[in-house]
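Welcome! Please take a moment with the sequence and the structure shown here, and then we can walk through them together.

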Amino acid sequence: VGYDMSQRAAEKCFKAAGLKPGDVDVVELHDCFSANELITYEALGLCEEGKPWTSTHLLQLVVENEYLFYQPSPI
């Protein structure tokens, strides 16, 4: 699924539910390529477009059943 398709689908879902991306507490997302997951976070509106690593949200990444916690530091 491409970026544009994911973005349109997310916009329709959020509108139908009366929610915004900031209302989302948990997302389970999988793609076979790590970069595609970051692109999809952007498409879903969960982070700033073009800068998924600058999200102010605590990102919890699950890698091979191990939890890694990453909190971007303010620069």
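H1 and H2 are oblique to each other. In this predicted model, their axes cross at roughly 40° and come within 8 Å. On the H1 side, the contact is made by Tyr3, Ser6, Gln7 and Ala10, and on the H2 side by Ile39, Glu42 and Ala43.

Now step back to see where this pair sits. The chain holds two helices and two strands, and reading along the sequence gives the pattern α-α-β-β. Of the 75 residues in the chain, buried ones make up 16%. Among the contacts in the chain with a separation of 6 or more, 25% are between residues 24 or more positions apart.

Let us follow H1 by itself. This helix covers residues 3-17, 15 residues in total, and spans 21 Å from its first C-alpha to its last, close to the 21 Å expected at 1.5 Å a residue. Which residues of H1 are buried? They are Ser6, Ala10 and Phe14. Viewed down the axis of H1, its buried residues lie within an arc of 60°, so they line one face of the helix. H2 is included in what covers the buried residues of H1. On the other side of H1, you will find Lys12, Lys15 and Ala16 exposed. Just after the helix comes glycine 18, with a positive phi of about 70°.

H1 also carries cysteine 13. Is this cysteine buried or exposed? Cysteine 13 has a relative accessible area of 53%, which is over the 50% cut-off, so this residue counts as exposed. Its C-alpha is 10.0 Å from that of leucine 44, although cysteine 13 and leucine 44 are 31 residues apart in sequence.

Next comes H2, where Glu37, Thr40, Tyr41, Glu42 and Ala43 are buried. What does glutamate 42 touch, leaving aside residues up to four places away in sequence? The answer is Tyr3, Cys47, Glu48, Glu49, Gly50, Lys51 and Pro52. Tyr3 is also one of the H1 residues that make the contact between the two helices.

H2 is followed by glycine 45, which has a positive phi near 80°. Further on lies cysteine 47, in the loop between H2 and strand E1 (59-63). Finally, cysteine 47 and glycine 22 are 25 residues apart in sequence, and their C-alpha atoms are 9.2 Å apart in space.

Technical notes: Residues are numbered from 1 along each chain as its sequence is written. This is a predicted model: local features need pLDDT of at least 70, side-chain atom pairs count only at pLDDT 80 or more; totals for chains, interfaces and linings use all residues. Side-chain values use heavy atoms; hydrogens and water are left out. Contact means heavy atoms within 4.5 Å. Helices (H or I, at least four residues) and strands (E, at least two) are DSSP runs, numbered from the N terminus. The expected span of a helix is 1.5 Å times one less than its number of residues. Buried means under 20% relative accessible area, exposed over 50%, partly exposed in between (1.4 Å probe, protein chains only). The arc is that of the directions from the helix axis to the C-beta atoms. Axes are lines fitted to C-alpha atoms, for helices over the stretch in contact, and angles run from 0 to 180 degrees between N-to-C directions. Angles under 35 degrees count as roughly parallel, over 145 as roughly antiparallel, 65 to 115 as roughly perpendicular and the rest as oblique.
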